[in-house]
Every structure is written in structure tokens, then in C-alpha cells.
Amino acid sequence: MSARAAADHGRLRASLQGRRIEAVVIGGSAGGVDALIQLLPALPAGYDLPVFCILHLPPDRESRLAELFDERLPMPVREAADKEVIAPGTVYFAGAGYHLSVEQDRTFSLSCEPPVHYARPAIDVLMESSADAYGDGLVGILLTGANHDGGDGMARIRACGGLTVVQDPDEAQVAVMPLEAIRRCNPHLVLPLKDIQALLPMLENKTS
Amino acid sequence: MTKPPSDIDIELRMLVEAVYLKYNYDFRDYTGASQKRRVLAAMRVMECETVSSLQSRVMHDPAAFAQLLQFLTIPVTEMFRDPEYYLAIRRQVVPFLETYPSLKIWVAGCSTGEEVYSMAILLKEEGLLERSLIYATDINQESLESARRGVMPLDRMRLYTENYQKAGGKRAFSDYYTAAYGGALFDRSLVENVTFADHSLSTDSVFAETHFISCRNVMIYFNRRLQNRVLGLFHESLCHRGFLGLGSKESIDFSSYAQRFEPLVRRERLFRKVGA
């Protein structure tokens, strides 16, 4: 490990000091699939946290994201189902056409309320409800995108004591969404994807 | 391990309890996250700073409750939503329904009627409407009133026409409505045999034996206890081997009724009742 990388590592670790992470939520829009293809393989086999992923999707199409990533990742990957109990070590994707929320009892719920920022599923809906359920045990990661969805969600995560991480707008495929989130939530960390990759395994409680 | 309730969670529980005790609308077993969003939206529109102040207003002013009710219920729907569902009904359910001399169909949680008119059009094209009695129920009187009127926004007709065609529609969709009252007024003959009624899946009981129940994207707002209650009502209402249709992401796998309905078309969430 280079001195620079070691310093980065030290900085990431410091930001996790004293935190007990219970769940990770990752949102993105335009360019989000590519970003997740880079990011998610950083999750090691036997990862002990649930990871919720949400990308903006066309409403009328079935999402194939869960299938796509199930083939690439060493852990179970599936579309989050209504009333499903959230399991550790599982990657969940929000399906098309419905908002996805996390309930206080840590189950998923779906709803058909109107789109938020033209999006259903909306990142704000998933992030806000996850923040309410997990409080300071949540990590919110917002990636590339072309609209303002996620700004309210990241702000709520921050307000509830969670850790907020935004992809560096300079390297994001589309900078609008990261920039808005930075404006809204003053995130703990603004990082390029490769550093978010390094962060993901550190979030596990067995290693921190 | 879950967190202790926050102030707003406590206030929300008190609000729905107050609404139940005062107005007998039971939202106590609705899922929390969605309900919270809708109460927060109501607070913005009704200019209340806290849930407690909203509760106080609703307690002392029935008009404020009527306003809140429009937020607590979720009138978001479209005609022939998920066209494949209707296509599956035509192909897989209608052949059974045709064998009955008369039919009772229940559209539960019908909201502003989009599903009712869709179902009526389908039944008409399959030659079943005249022998059918449709119960269209909801807890929201304003939605029911709107459903009775049958006037849909004109700007939705393009989407509905597309849906209708994908759903196996046999005519021109525009045959079913005329432009009137600033919207699309649907053919009154479609709802001649429809009974629109106030019925609560939370508190009311079964009112008729039915052959087919369609209840789409209603139970996703309910917690498991209430889902179980509702599936119990449907099981009781359905005739021997009767049909149940749910929303495209709804599941009975997590309910205590998982074994009491069998999938007919799994992908389209069409089930048949098993057992008595």
C-alpha cells in the first residue's frame, strides 16, 4: 500500500470511529448502473450488513438489476419484497414502479404514492425511511445522477446521526445529484468510487 | 434490535388512535413509513407545525378530519394498470367465470374507480357484464363519489388507451367515453350493475359471497396483522375455488394464508381459494 493510500485508509477509518453500522443504502440515477458495477464487487463474501440499492428506473419495465448483480456478487442479491424481513449480508434492489421504504421493525414496504422528483422508486423515500429505522447505524451513499432526488434523503440520514458519503462530482458521470446532495447535507465524506470501494468492507462491525 | 420510538412516532400513534376513537376510521395497522410521509404532507398543506397540533385540529373540527382523510388514503391508480394482469384475467379467469349463471365480483379498495371501469369494460367484452354484480368498495367517500361520476382526466386517456390495448381490448377505447365536464365521461351502462359502497377492510365484515375479488395495491399499505385479517375476509367471501387478484408486487407468501390460496397465474398475482 502506498503512503497516499494508507493515509486515505486512515482517514476513512477515522470517520467510522465509534460507529456501529447496521445498514448501507446506496442511491444513484444516470450512470448509476456503471457506478454500481464498479462498487458492489468490493463487498466481500460473508459481509454482515444489509445493503439497499436504488436506481431510477423506467416505470413500465421489470427491473433486471437484482439478477444482473446476483451473478456477479458472492452474496444473495434480490429485489426487495413487500413485508420482507431485512436479512444481514444481503443486497436488495428497489423494483420498478413502486416506492420502497424501510419500516421501524426493519421490514420492507412498497407503496404507490405519486413519484418524488419524477421518480418511483425515489431515493428520498428509501433514504428517509431507512434513516428513521436505523438512525446513527445507517450509512448513506449517493452516486452519479441528473436530478435532485436523494438530497432530502441524505439530509435526513445526516440529521439522524448516520454517516453520509457522496461520490466526488468531478468524477461522477453526471454531477447534478452529488452536487445537490453536497449542498443539502454537508456530507461527512466526498469520495471517488475507488475510495467508496475501500470504505464498504470497513463498515462491517467485525472489522471496525 | 430496533430503536426506541421517536417523538414523531409517538405522536403518529396518538393521531391514528384519536382518529379511530373519534371518527371510527382505523389506520392503526397501516404501515408506518408511508403513513408518516402522508401525515407530513397533510401537515404542510394544513399548516400544522406538529403532528400533535394536527391531532388537536382534527379532534375538534370534522372538516379538518375530512381533509386529513384525503391524505391518509392513497388515491393513486390508473385504468388497466399492469395490462398483463387484465390479459391474464381474460385468458385464465374468464373461462371459469363463464360457467356461472350469475357472478359477483368485488373490487376492494376501489379508490376513484379506475379499476372498476377497467373491470366492467373487460366483462362487457367477454359477454359477462350483464350477468355480473360488481361491489366497488372503499373507505373514502370522496373517492367513491368520484368513482360514481366516472369522469376521468382527459390527459390520462392516451396512457389508458395504450394500457387497454395491451390488456387485450377488443374495440376502440374511445367507444367507452365521451368528452364532457372537462374530462372523459365513461359510459353509464358500464356501472349499471355496480354497487359503490363504503366498506372498511380494517373494521367491517364480509357482506356477500363472491366469485372473484380484485384488490390491487391496497394491502401493501397494511401491516401483516391487517393483511391477515383482509385475506381472511377474502377467503370467507369467495365461493368454492373462487379467484383473487392482487397487485403486481403483492405477495401472500409472508401471510398466514399462504397455504389457503394457490397460484393460478403467479406472475400476475392471480390466485384461487383452496379449502372451505
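**Chains, domains and local details**

Modeller: The contact between the two chains takes 18 residues from chain B and 19 residues from chain A. Please keep in mind that this is a predicted model.

Colleague: Which helix gives the largest share of the side of chain B that touches chain A?

Modeller: That is helix α2 (residues 32–45) of chain B, with four residues. By type, the residues on the side of chain B that touches chain A divide into six nonpolar, six polar and six charged.

Colleague: What domains does chain B have?

Modeller: The domain assignment gives domain 1 (7–72) and domain 2 (83–273) of chain B. Their C-alpha centres lie 29 Å apart. Eight residues from domain 1 of chain B and eleven residues from domain 2 of chain B make up the contact between these domains.

Colleague: Which residues have the most contacts inside the largest nonpolar core?

Modeller: They are A:C53, B:V116 and B:A120, in a core of 139 residues. At least three residues of this core come from each of domain 1 (7–72) and domain 2 (83–273) of chain B. As general background, nonpolar side chains tend to be buried together in soluble globular proteins.

Colleague: What is B:V116 in contact with, leaving aside its neighbours within four places in sequence?

Modeller: B:V116 is in contact with B:V107, B:C110, B:I134, B:A136, B:A147 and B:V194.

Colleague: Let us move to helix α7 (residues 141–149) of chain B. Which residues there are buried?

Modeller: B:S143, B:L144 and B:A147 are buried in that helix. Seen down the axis of α7(B), the buried residues fall within an arc of 100°, so they line one face of the helix. On the other side of α7(B), B:Q141 and B:E145 are exposed.

Colleague: What covers the buried residues of α7(B)?

Modeller: The cover includes α6 (114–125), β2 (132–138) and β6 (194–198) of chain B. After α7(B) comes B:G150, with a positive phi near 70°.

Colleague: In what order do the strands of the open sheet in chain B stand?

Modeller: The order of the three strands is β3-β5-β4 (chain B), and the pairing is antiparallel. β3 (151–152) and β4 (177–180) of chain B are at the edges with a single partner strand each, so one side of each has no neighbour in the sheet. β4(B) is joined by four bridges to strand β5 (residues 183–186) of chain B, and B:A180 stands opposite B:G183 in β5(B).

Colleague: Finally, the backbone. Where is the residue B:N24 found, and what is its phi?

Modeller: B:N24 is in the loop between α1 (7–23) and α2 of chain B. Phi of B:N24 is near 60°, a positive value in a residue other than glycine. Most residues other than glycine have a negative phi. A:K83 also has a positive phi, near 70°.

Definitions and conventions: Residues numbered from 1 in each chain as written. Chains lettered and ligands numbered in written order. Predicted model: local features only at pLDDT ≥ 70, side-chain atom pairs only at ≥ 80, totals over all residues. Contact = placed C-beta atoms within 7 Å. Helix = DSSP H or I, 4+ residues; strand = E, 2+ residues; numbered from the N terminus. Nonpolar A, V, L, I, M, F, W, Y, C, P; charged D, E, K, R; others polar. Domains from an automatic or database assignment. Core = buried A, V, L, I, M, F, W, Y, C linked by C-beta atoms within 7 Å. Buried ≥ 20, exposed ≤ 12 C-beta atoms within 10 Å, placed from the backbone. Arc of directions from axis to C-beta. Pairing = 2+ DSSP bridges.
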